[in-house]
Structure formats: structure tokens, C-alpha cells
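Please consult the sequence and the structure shown below while reading.

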Amino acid sequence: MAGQEEVKVLSTWVSMFGMRVLIGLEEKGVKYEYQEENLGNKSELLLQMNPVYKKIPLLIHNGNPVCESLIILQYIDEAWPSKPFMPSKPYARALHRFWADFVDKKFYDAGFRILRNKGEAQEEAKRDMLEYLELLEGALKDMSGGGPYFGGEEFGFMDIAFIPFTCWFQTYQTIANFTIPFDTRFPCLLAWIQKCMERESVKKILAPPDKVLEYASQLRKRFVTN
């Protein structure tokens, strides 16, 4: 897009949804201002610009607010069309949207249930997470066409949507006392994670797993009492 542009992102460092927005901007080479939000005391700018949901992440582009991370990611791809995130064929684009939506509705929910529960409810969440990873392993095989990414040879929409969750894997495993068997059960996802981690955008934006664990452990105390 031509002319002087103002791009601002409101989020919090630990949000996987915010990370995907920042990775998208980094991949496009868009300069932006970042504002860290305190979710216990949200800024007036956030409340003013996102009065419906009052949630992060929020992208403000030339004064126009865009909400919800997958919608923001699609907006970024359309506003800065070089290096497209989506493949050219409609069905391939639909698959990216479908699996990104699956991550938000199913995988995120399993992770949240691991954090807030114990006992059988947590065990069920662990089983669900492994089942969802099995489905994502299959989706990666089908969509990649032998390439390293969900988008084949190109790092794209589904890659950006899912890669931020990987910095939470240590947290899920530690809190629920289990191991995700990447080597034996999810080798394609393991190779995908390793390939994504070579990208400058991913290395720059993903939160340190040990810091995520520290944050989540404190958060869990609000949910679970002995």
C-alpha cells in the first residue's frame, strides 16, 4: 500500500494469538509499533478501539482497528499482498482456514483445559491434545505436498497460525506431567517445528518456553486449589 502508514499492535507477550499477528507483520516486512497490554488493567486505547470484545490482539492500521487474530492475519495478507500467505487455489486456501480454525477451537481448548484442571478432567484434555496433534500431523502430510510447511515450500497462513502454540508445549507437558512423543508419533510436526524455528520472524517473536511456563504456573494457581 502506498503512502505513509501507521501500524500498531496491542497484545501481550505470552499470547499465541498476538504472536501470530506479529509474525505475520514481520514476514511482510511491515514496520509497526507494539504496545504491551496489562489484561488486568486494559488500556483506554484497547477499550476504545475494540469495544465489542475488549480483547487482544488488536491491529490498528491508519486509525482503523482490526480484531481477532485470524481475521487480522487475513487482513495483513490483503493489505500487504507481496509474499502471500495463502496459496493460489481456492480449495487449498479453504484448507488453511479450516485447520487454523481447528487450532483455535480444538487445540487451544485442550491446552486451556490442561492448565485449569486436574485429575480426570486434565487426563481427558491430555488425550484430546494428542488426538488433535494426530490430526494435525495428517493435515501437514496432506497439505505440504512433501514440502517443509503446511503451505508446501512456502511458509504460510496455517504455519503462522499454529507455530506460536509450540512455545506452550513445554508448559502443557510440565503442568500435566506427560510427554508429547514427537519422535515416534508426530515426526512430521517435529520437522516442521524445527524448520519454522529457522525463520527470523519466528525466532524474534516466539516467547521463551521457560518464561511461558513461569507465567502459566502462576495463572494455574488461580484455577486450581489443592
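In the unreviewed UniProt entry, the annotation "domain: GST C-terminal" covers residues 89–223. The model described here is a predicted one. Over residues 89–223 the chain is 76% helix and 0% strand, and the end C-alpha atoms of this span lie 44 Å apart.

The domain assignment of the chain gives domain 1 as residues 7–79 and domain 2 as residues 90–221. The C-alpha centres of domain 1 and domain 2 are 21 Å apart. In the contact, 16 residues come from domain 1 and 26 residues from domain 2. Between them, domain 1 and domain 2 bury about 1800 Å², and 75% of that area is on carbon and sulfur atoms.

Which polar links cross this boundary? Three salt bridges are counted between domain 1 and domain 2, and seven residue pairs are found in polar contact across the interface. On the domain 1 side that touches domain 2, helices α1 (16–28) and α3 (69–79) each supply at least two residues. The helix that gives the most to this side is α1, with nine residues. By residue class, the side of domain 1 that touches domain 2 divides into 10 nonpolar, three polar and three charged residues.

**Salt bridges**

The count of salt bridges comes to 15. Two individual pairs are set out in the table.

| Salt bridge | Distance, N to O |
|---|---|
| R20 and D104 | 3.0 Å |
| R113 and D128 | 2.8 Å |

**Local backbone features**

Two backbone details complete the account. Which residues are joined by a cis peptide bond? The bond joins I56 and P57, and its omega is about 0 degrees. P57 is placed in the loop between α2 (44–49) and β3 (58–61).

Where does E68 lie? E68 is in the loop between β4 (64–67) and α3. The phi of E68 is near 75 degrees, which is a positive value in a residue other than glycine.

Key: Residues numbered from 1 in each chain as written. Predicted model: local features only at pLDDT ≥ 70, side-chain atom pairs only at ≥ 80, totals over all residues. Heavy atoms only, no water. Domains from an automatic or database assignment. Contact = heavy atoms within 4.5 Å. Buried area = accessible area lost by both parts, 1.4 Å probe. Salt bridge = Lys/Arg side-chain N within 4 Å of Asp/Glu carboxyl O. Polar contact = N/O pair within 3.5 Å; in protein donor to acceptor, adjacent residues only side chain to side chain. Helix = DSSP H or I, 4+ residues; strand = E, 2+ residues; numbered from the N terminus. Nonpolar A, V, L, I, M, F, W, Y, C, P; charged D, E, K, R; others polar. UniProt positions renumbered as here; feature names shortened; annotations may be inferred.
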